Structures are given as C-alpha cells and as structure tokens.
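Open the model in your viewer and keep the selection tool ready.

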Amino acid sequence: MRHTKENICSLSLNMPHIHYKMRQLGFSLLRHISSLPSSLTVPSVTRSCCLHRGVLNGSCHQSPNPGHSCQHRRSVSTALGQHIQDLSGPEQRLLDKLYEGLIGGQRASLAESITLVETQHPRKKELAQVLLQRVLAYRREQESQNGGKPVAFRVGLSGPPGAGKSSFIEVVGKMLTSRGHKVSVLAVDPSSCTTGGSLLGDKTRMTELSRDMNAFIRPSPASGTLGGVTRTTNEAIVLCEGAGYDIVLVETVGVGQSEFAVADMVDMFVLLIPPAGGDELQGIKRGIIERADLVVVTKSDGDLLVPARRIQAEYTSALKLLRRQSKSWNPKVVRASSHTSEGIPEVWAKMESYRDAMLASGEFQGRRRAQQKVWMWSLIQENVLLHFQNHPSVRDALPHLEERVTKGATSPGLAADLLIKAFSSS
C-alpha cells in the first residue's frame, strides 16, 4: 500500500477510527505470523532480537522453561555480537565518534545521533540501534551510581494549537538553565498534507533558549505520525539523557482530546490550555485530560486574567470527577504567564513535588518500565504492518481488491480479510 499525500491527509482527518483499525490489523497479523511454520518466522525474529532486544550478556533468568530461555538468550546475545562484528571500519569509527562525543556532552554529536535515529535508510537504522545499545548501557551505569534512580526527568507538554507551548518552554527552560540544569527540548512540528514538508518553526520562537549553551533544541517533523509525536521521539529522549541533559522537555504538535501518545514516553504529562479553552464540560470529557498530571492555564495576564481564573476553577472541579491515575499524586491546575513570568516558578515547584512523590512511592520507575513495553509493541505493530504491505502475495492482490472496494463491489472489511488470508496462506 503506497503512502501518498492523500493517504496522509485522510489519516489525519480520521485519526481515532484509523488508529483503532490499524491496531486491530496489527494484532491480526501478529496472530497469523505466530501460526506460520518456524522455518518462516525464525530468521525475522532473530533479526528483530539482534536489533531491538539489546541483550548484551548471556545471563539467564528464571522462566517456565529455563532451558529454552537460556538457549534463546544466548542466541540473541550471539546474534547481537555477530551484528556488531559485521560493522565495517568506517561504520565502527562513525559510531565510536558519535558515542564519545555524545557522552562528552557535544551538541553536534547529539544532533548527528538523532539524525541517524530518524533516518529511514535500512543500514543506517541498524547502526542507530547499535549506538542506542551503547547509550542504554551507559545510562544504566549512571543510574546505578545514582542509587538506582533515573538521572533525568522527562516532561511532555501538549495542548491545542495556540496554547503558548513554545513560549512557555522558553521561559521555563531559561529558568532551569539559570539554576544549573541542562535542558533538552524535543519539539515536534506538524507536516503538510499537500507537500509533506514541515516548517520546523518552534526553534525560532525560542530565541533566547536556543543561544543558551546549557540547552539543546531539536525540532522534528511529525511526518503523518498519529499522537502528536514522531516514532523516534522515544529514542531521541534516550540520546539526550546520554548526553547529560537532566531535564528533557517534549513539545507535541497542537493536539485534540484523543491524542496523547507523548504520555507513554515521559515521566510527567503537562497539559497547557488557553483561557478560552472551553467550559467545564471540556475538562470532564474522557481523553487527554485523563492523562494529565498537571494542567497549566497559560496567558494568565492582562485582560485574560479573569477568564484564566475562571477556567482554573472549572478544571479543578472537573478533575475531581475523574479517576486517579496515581496513588501518590492528585492532578493540579495552576495559572502561569509566559509574558510576565508570573506563576512559572510555582509550575516548576509542582513538577518537582510530583517527581519527589512518584520517586518515593516507586511509581516513577514502574511507569518507565511499563512505557518501554508499550513502545516495544507499538514498533512491533508498525513493522508488522510494513512487512504485510511489502509481502509479494499482498502486493499482487492489492490493486484488484482496491479497485473492487472503490467501485463498491467489495466491502473494505472483506477485502482486508482476503488480504490477510493471502498473507498467511503463503
């Protein structure tokens, strides 16, 4: 199935329905793949383990089938070792240069590493995974020296278009760098439905922060990815932490009520809303408001001060009706102004209170572990769908079935079932 510009536009207009159908198709394909003969599935599984599992040693843990577990872990370790040995001289030197520069805090090396992670070139994607394994090992070492606690604090900031996300990040970022923190900002910009391009203009709104040597700003195009973030944002966070940035801020594109993918890759999810962000009913609606750990009413100054206070009171009462996500933290609603900096220190104080409460209860580490599992399955679904689209039997049957669906002779559901049968029967 070709990814045309029209496909991307239609995906954007039908996000919730399309996303649900893609998840259903992904799980259907996984079931079919698991039922295929082992001779067909073992090579691809071994390759995936080589690149994504990142098992660097042959140690075995308890499992229902210890012998099988040990054998599998040893084969994964051998596969990864073989993959590293397959690196050419220039490739090895490139990875060594990037890794040394990255852990040395060089911003140029960090930018080049993120570019390597974002690439779609098959071989470069493999190199990126080898680099990520080295950075993950370095980060584990840093965390062990820190008493097992994470060395960085990840904060996701989301909200509707025009909520003042970039202005808020610049004011908060400058305050944090003045206090001795190193701040990394991963800003995701929307991509055009007609040209596929992206303006990447968020950095231009952070003129002061972009000149700060203790800050790193990286804009990235959404490229049609659902949920307000890119598929590689999670890996870019790991690279930023490896480069020594102890605060990672992830700014999403302007999103609606159902787009909160960033909540599954950060420690704290902050929702920014403008004073004219709707009445109390908007807060009660299930979706993005349920995932927020902190709600910030922006632009709380001048003529908008009174509406901001009203929105704060309405959202505070609305949050009381929602089920708590954490036993250690109740979501708060605060006001802030990026123009006057009023309320900005109080917002950061709330974020620190959240981090301390979650660390004390152990939920902080548990949330990170759960997020890694979520993103593993997200990447599996994406790769399985790509494998399905490139399968010879599917590509042969696809034009005919697409034509029948467009003419109304075959329902989309039946066509999908026929394609899946063609995929699994071969």
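**Stop 1: an enclosed helix**

Select helix α10: ten of its ten residues are buried, so the helix is largely enclosed by the rest of the structure. Buried means under 20% relative accessible area; exposed means over 50%, and partly exposed lies in between (1.4 Å probe, protein chains only). Helices (H or I, at least four residues) and strands (E, at least two) are DSSP runs, numbered from the N terminus. The buried residues of α10 include T233, E235, A236, L239 and G242. Now go on to G244, which follows α10 and has a positive phi, near 95°.

A word on the model before we move on. This is a predicted model, in which local features need pLDDT of at least 70 and side-chain atom pairs count only at pLDDT 80 or more, while totals for chains, interfaces and linings use all residues. Residues are numbered from 1 along each chain as its sequence is written, and side-chain values use heavy atoms, with hydrogens and water left out.

**Stop 2: the whole chain**

Zoom out. The protein chain has 17 helices and seven strands. Of its 426 residues, 42% count as buried. Now think about contacts, meaning heavy atoms within 4.5 Å. Take the contacts in the protein chain with a separation of 6 or more: residues 24 or more positions apart account for 76% of them.

**Stop 3: strand β6 and its partners**

Select strand β6, residues 294–297. Two strands pair if DSSP finds at least two bridges between them. β6 pairs with strand β7 (residues 332–335) in the parallel sense, over four bridges. Find L294: it stands opposite K332 in β7. The chain goes from β6 through helix α13 (residues 305–319) to β7, and this β-α-β crossover is right-handed. To check the hand, point the strands away from you: right-handed means that the path from the first strand over the helix to the second runs clockwise.

V296 faces V334 in β7 as its opposite residue. On the other pairing, strand β5 (residues 268–273) runs parallel to β6, joined by four bridges. There L271 stands opposite V295.

Which way do the side chains of β6 point? L294 and V296 point one way, V295 and V297 the other, and all are buried. In a regular strand the side chains alternate between the two faces of the sheet.

Next, select T298 in the loop between β6 and α13. T298 counts as buried, at 2% relative accessibility. Leaving out residues up to four places away in sequence, T298 touches A163, L272, I273, P274, P275 and A336.

**Stop 4: two nonpolar cores**

A nonpolar core is a set of buried Ala, Val, Leu, Ile, Met, Phe, Trp, Tyr and Cys residues joined through side-chain atoms within 4.5 Å. The largest one has 48 residues, and L110, I114, L186, L239 and V295 touch the most other members. Helix α7 (residues 122–145) gives the most to this core, with six residues. Select I114 and show what surrounds it. Beyond its neighbours within four places in sequence, I114 is in contact with L186, F216, R218, A236, L239 and C240. A second, separate core has 33 residues, among them F153, M206, I217 and V347.

**Stop 5: aromatic rings**

Rings of Phe, Tyr and Trp (its six-membered ring) pair if their centres lie within 6.5 Å; planes under 30 degrees apart count as stacked, over 60 as edge-to-face and the rest as tilted. By this rule there are five aromatic pairs. Select F153 and W348: their centres are 6.3 Å apart and their planes at 55°, so the pair is tilted. F153 is in strand β1 (residues 153–158) and W348 in helix α14 (residues 344–361), 195 residues apart. F153 is buried, at 1% relative accessible area, and W348 is buried at 2%.

Move to F216 and Y245. This aromatic pair is tilted too, with 6.2 Å centre to centre and 45° between the planes. F216 lies in strand β3 (residues 215–221) and Y245 in the loop between α10 and β4, so the pair ties together parts that are 29 residues apart in sequence.

**Last stop: charges over rings**

A charge sits over a ring if NZ of Lys or CZ of Arg is within 6 Å of the ring centre and within 35 degrees of the ring normal. Stay on Y245: K182 lies over its face, at 4.6 Å from the ring centre. Then select R134, whose charged end sits over the ring of Y99, 4.2 Å from its centre.
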